[in-house]
Amino acid sequence: MKRHSYFRTTFFLALSLVTQNTLADPSFKKQEIASFNEPWAMTFLPSGKLLVTEKSGQLLLVSKNGDVSSPIKNVPKVAYGGQGGLGDVVLHPDFANNSRIYLSYAEAGESKKYGAVVISAKLDLNEGGGTLSEIKKVWEQTPKVTGRGHYGHRIAFDAKGYMFISSGERQKFDPSQDMNSNMGKVLRLNDDGSIPEDNPFFEKGGVTAQIWSSGHRNPLGLAFDDKGRLWNSEMGPLHGDELNLVKRGANYGYPTVSNGDHYSGKKIPDHDSQPQFEAPKTWWKPTIAPAELIYYSDDMFETWQGSFLIAGLGSRAIVRVEVDGDTAKEVERFEMGARIRELEQAEDGSVWVLEDGVDGRLLRLSQ
């Protein structure tokens with residue numbers, strides 16, 4: 001196992017709250033592969049190697065046995081601080097032919113204002129790492145605002161090649177219900193950043209045309225199930241974390257409704273008080289602080305097949321949720337002893353896990 005870390009004197013700590021369910025006995029082997037400084041996302045390449053992002057701005061190539069490359073060159077400068085920095089990394093659906101990847105990150109603007117952006121770039125790999133070229137910005141949160149929280153910026157492609165981006169409301173509350181803002185939304189774009197003409201609000205033009213769904217707070221996970229339906233895991237305010245089935249044109253109610261309350265103690269009406277808003281399929285009180293989620297489809301873990309696995313930050317756990325039609329419920333929770341940022345399913349059915357924070361480990365879970 002090779003270790004890799006860029007030491008820093010400060011890092012972001014979040015409150016871990018008591019979990020709500022009995023923890024399941026982990027029935028898996030846990031192998032440590034490597035470690036990183038504030039890892040945020042990963043994705044598998046066709047070769048079986050991984051790309052891993054570090055929040056401070058490094059994109060790294062990692063082998064299955066833990067060899068870590070030098071940082072890949074030409075990654076754009078990121079606005080590192082608070083919850084911001086280098087975020088998601090995903091492959092273009094036709095990566096095998098075009099070698100293009102997508103990165104999300106926080107970008108600085110004028111007057112200490114910030115916003116998330118997504119770029120596409122060609123990835124040229126070599127023995128020492130690689131280089132990005134043909135970089136193109138394909139999306140950005142507008143306008144940039146003060147503060148360094150709730151960027152969201154997860155990316156997922158559907159089977160037709162459309163790109164979905166989760167966009168947090170940047171701790172500003174109101175943008176989630178403002179249809180002239182692309183914050184607090186899930187967006188749907190073509191792979192080049194152009195807007196599909198069949199988007200629900202396409203005729204309104206501007207950033208409104210990007211919107212697929214609204215009323216989100218801080219959606220940190222996006223995943224498709226085996227029916228091609230999009231789901232998101234979403235941080236609630238004080239409790240009220242959500243798993244949502246993301247529907248075309250739907251409004252999920254934040255901040256008008258939520259099953260949590262404001263950190264100030266001010267109450268927010270629950271979803272069932274205003275049924276015109278789409279309610280989560282399951283939600284958590286106390287919080288699990290969900291990050292990324294995956295839909296598990298292999299039989300290495302037979303009982304997990306057809307379930308969502310959610311990375312828990314505050315809960316320091318992997319949370320398994322079973323889906324039955326349009327309903328969902330948590331069925332077990334695996335204590336991991338660390339904040340969990342990201343999950344990925346490998347080709348062999350193993351589950352790869354990124355811990356959050358300084359010296360966050362990359363783990364492989366198998367039978």
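**Charged pairs, strands and cores**

Q: What makes Asp261 and Lys267 a salt bridge?
A: Their closest N and O atoms are 3.5 Å apart. A salt bridge is a side-chain nitrogen of Lys or Arg within 4 Å of a carboxyl oxygen of Asp or Glu, so this pair qualifies.

Q: Where do these values come from?
A: This is a predicted model, where local features need pLDDT of at least 70 and side-chain atom pairs count only at pLDDT 80 or more, while totals for chains, interfaces and linings use all residues. Residues are numbered from 1 along each chain as its sequence is written, and side-chain values use heavy atoms, with hydrogens and water left out.

Q: How do you know whether Asp261 is buried or exposed?
A: Buried means under 20% relative accessible area, exposed over 50%, and partly exposed in between (1.4 Å probe, protein chains only). Asp261 has 16%, so it counts as buried.

Q: How many salt bridges does the rule give?
A: The count comes to 23. One of them joins the side chains of Glu32 and Arg361, at 3.4 Å from N to O.

Q: What makes the Glu32 and Arg361 pair a tie between parts of the chain?
A: Glu32 lies in strand S1 (residues 29-37) and Arg361 in strand S23 (residues 358-366), so the bridge links parts that are 329 residues apart in sequence. Helices (H or I, at least four residues) and strands (E, at least two) are DSSP runs, numbered from the N terminus. Glu32 is partly exposed at 25%, and Arg361 is partly exposed at 24%.

Q: Why is Arg154 called buried?
A: Its relative accessibility is 0%, so Arg154 is under the 20% limit. Arg154 forms a salt bridge with Asp88, with the closest N and O atoms 3.2 Å apart. Arg154 sits in strand S9 and Asp88 in strand S5 (residues 86-91), so the pair ties together parts 66 residues apart in sequence. Asp88 is buried too, at 2%.

Q: Which residues join Asp88 and Arg154 in one network?
A: Glu292 and Glu342 do, through salt bridges that share partners.

Q: Why is strand S18 described as largely enclosed?
A: Six of the six residues of S18 (residues 307-312) are buried, so the rest of the structure largely encloses this strand. Both faces are covered: Ser307, Leu309 and Ala311 are buried on one side, and Phe308, Ile310 and Gly312 on the other. In a regular strand the side chains alternate between the two faces of the sheet.

Q: How do you know that S18 pairs with strand S17 (residues 290-296)?
A: Two strands pair if DSSP finds at least two bridges between them; S17 and S18 have five, so they pair, in the antiparallel sense. Leu293 stands opposite Ile310 there. Five bridges also join S18 to strand S19 (residues 317-324), again antiparallel, and Ser307 has Glu322 as its bridge partner in S19.

Q: Where is Arg316, and why is this residue called partly exposed?
A: Arg316 lies in the loop between S18 and S19. At 30% relative accessibility, Arg316 falls between the two limits, so it counts as partly exposed. In that hairpin, which has four residues between the strands, Arg316 takes a positive phi near 50 degrees.

Q: What makes a set of residues a nonpolar core?
A: A nonpolar core is a set of buried Ala, Val, Leu, Ile, Met, Phe, Trp, Tyr and Cys residues joined through side-chain atoms within 4.5 Å. The largest one here has 43 residues, and those touching the most other members include Leu51, Leu59 and Leu343. Strand S7 (residues 114-126) gives the most to this core, with four residues. A second, separate core of 17 residues includes Val90 and Trp139.

Q: How do you know how confident the predictor is?
A: pLDDT is the predictor's confidence in each residue, from 0 to 100. The protein averages 94, and 94% of the residues score at least 70. Over residues 1-20, though, the pLDDT is below 50.

Terms used: Contact means heavy atoms within 4.5 Å.
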